[in-house]
Amino acid sequence: MKPKKSEIDNGQDSLFRVALVRAINLRHPLVKLAEKIDWKRIDGELGSGFSEVAGAPAKPTRLMAGLHYLKHAFNLSDEKTIDRWVENLYRRHFRGMKYFTHEPPIDPSSMTGWRHLAGDNGMECLLRETIAAGFRMKAISGNSPGNVNVDATVREKAITYPTDGKLYYVMLRKLVKKAGRAGIPLRQSYARVSKKAPMMSGRYCHARRAKRAGKEIRHPKT
């Protein structure tokens with residue numbers, strides 16, 4: 001069924017519980033960020049994917065979206081996100097909680113299920129609202145979204161581990177080239193043997209045949 005409403009949006013108050021807004025600093029960054037995010041827009045886009053009648057009522061969209069914002073903002077796992085949420089009043093307020101409770105809002109496995117239901121379109125919705133909130137807070141300039149910073153350390157590269165056999169093979173090839181340029185005649189270049197040795201040593205290491213692997217490495221070394 002459709003998601004439930006968040007506690008902050010239900011318009012009801014409690015006589016015996018103190019609201020979180022009375023126990024936190026309203027100038028905290030998470031409080032300010034929560035005010036700039038258009039939660040109704042997120043609820044309208046992500047809530048449309050749920051059935052009107054089938055199944056149990058889903059968790060509030062602000063709860064699930066807020067938890068995912070915190071998860072990625074602080075680089076946490078699902079389990080750590082829930083644990084930190086229980087300990088921190090500002091994270092409770094950010095996700096839309098009105099009163100303090102001792103129990104976690106959901107099981108961490110529910111975050112995985114919600115991501116599957118939201119899909120790529122749901123994640124794109126959260127990203128669009130993140131950028132829009134940045135513009136509202138003037139943390140992003142007009143030209144910033146046109147520039148993308150790519151962390152080159154996580155890109156796949158054609159680099160192999162420099163094992164002894166490979167290094168010997170590279171050294172042997174360079175020495176043969178230098179000998180040819182210097183006009184030094186070689187009885188044998190060992191090009192075929194040195195090329196085969198690193199390959200065979202890798203296979204023997206994979207098969208846990210250390211003695212045979214060492215023997216193959218000694219060929220290009222000699």
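Reader: With which residue does Arg41 form a salt bridge, and how far apart are the closest N and O atoms?

Author: A salt bridge here is a side-chain nitrogen of Lys or Arg within 4 Å of a carboxyl oxygen of Asp or Glu. By that definition Arg41 is bridged to Glu45, with 3.3 Å between the closest N and O atoms. Before going on, note that this is a predicted model, in which local features need pLDDT of at least 70 and side-chain atom pairs count only at pLDDT 80 or more, whereas totals for chains, interfaces and linings use all residues. Residues are numbered from 1 along each chain as its sequence is written, and side-chain values use heavy atoms, with hydrogens and water left out.

Reader: Where do Arg41 and Glu45 lie, and how many residues apart are they?

Author: Helices (H or I, at least four residues) and strands (E, at least two) are taken as DSSP runs and numbered from the N terminus. Both Arg41 and Glu45 belong to helix H2 (residues 39–47), where they are 4 residues apart, about one turn of the helix.

Reader: Are these two residues buried or exposed, or do they fall in between?

Author: The classes rest on relative accessible area: buried means under 20%, exposed over 50%, and partly exposed in between (1.4 Å probe, protein chains only). Arg41, at 31%, counts as partly exposed, and Glu45, at 34%, is likewise partly exposed.

Reader: Which other salt bridge does the side chain of Arg41 make, and what is its N to O distance?

Author: The side chain of Arg41 also meets that of Glu129 in a salt bridge, at 3.1 Å from N to O. Because Arg41 sits in helix H2 and Glu129 in helix H6, the pair ties together parts that are 88 residues apart in sequence. Glu129 counts as buried, at 0% relative accessibility.

Reader: Which residues are linked in a network of salt bridges, and how many salt bridges does the structure hold?

Author: The network links Arg41, Glu45, Arg128, Glu129 and Arg136, and the structure holds 6 salt bridges. One of these joins the side chains of Lys71 and Asp78, at 3.1 Å from N to O, and both Lys71 and Asp78 are buried.

Reader: How many helices and strands does the protein chain have, and what share of its residues is buried?

Author: The chain has 9 helices and 0 strands, and its pattern along the sequence reads α-α-α-α-α-α-α-α-α. Of its 222 residues, 30% count as buried. A contact means heavy atoms within 4.5 Å; among contacts between residues at least 6 apart in sequence, 71% join residues at least 24 apart. Accessible areas come from the Shrake-Rupley method with a 1.4 Å probe, and for residues only the protein chains shown count as cover. The accessible surface of the chain comes to about 16000 Å², of which 54% belongs to carbon and sulfur atoms.

Reader: Which residues form the positive surface patch, and which the negative one?

Author: Patches are made of residues with over 30% relative accessible area and no salt bridge, like charges being joined within 9 Å and nonpolar side chains (Val, Leu, Ile, Met, Phe, Trp, Tyr) within 5 Å. Lys and Arg count as positive and Asp and Glu as negative, while His and the chain ends are not counted; the place of a charge is taken as NZ of Lys, CZ of Arg, CG of Asp or CD of Glu. The positive patch is formed by Arg173, Lys174, Lys177, Lys178, Arg181 and Lys195, and its largest share, 5 residues, comes from H7. Arg173 is placed in helix H7 and is partly exposed, with a relative accessible area of 44%. The negative patch is formed by Glu79, Asp83, Glu87 and Asp107; of these, Glu87 is found in helix H4 (residues 78–87) and is exposed, at 63%.

Reader: Where does Lys138 lie, and what is the phi of this residue?

Author: Lys138 lies in the loop between helix H6 (109–136) and helix H7 (164–182), and its phi is near 60°, a positive value in a residue other than glycine. Lys138 is exposed, with a relative accessible area of 75%. Arg208 has a positive phi of about 60° although it is not a glycine, and Arg208 lies in the loop between helix H8 (191–206) and helix H9 (210–221).
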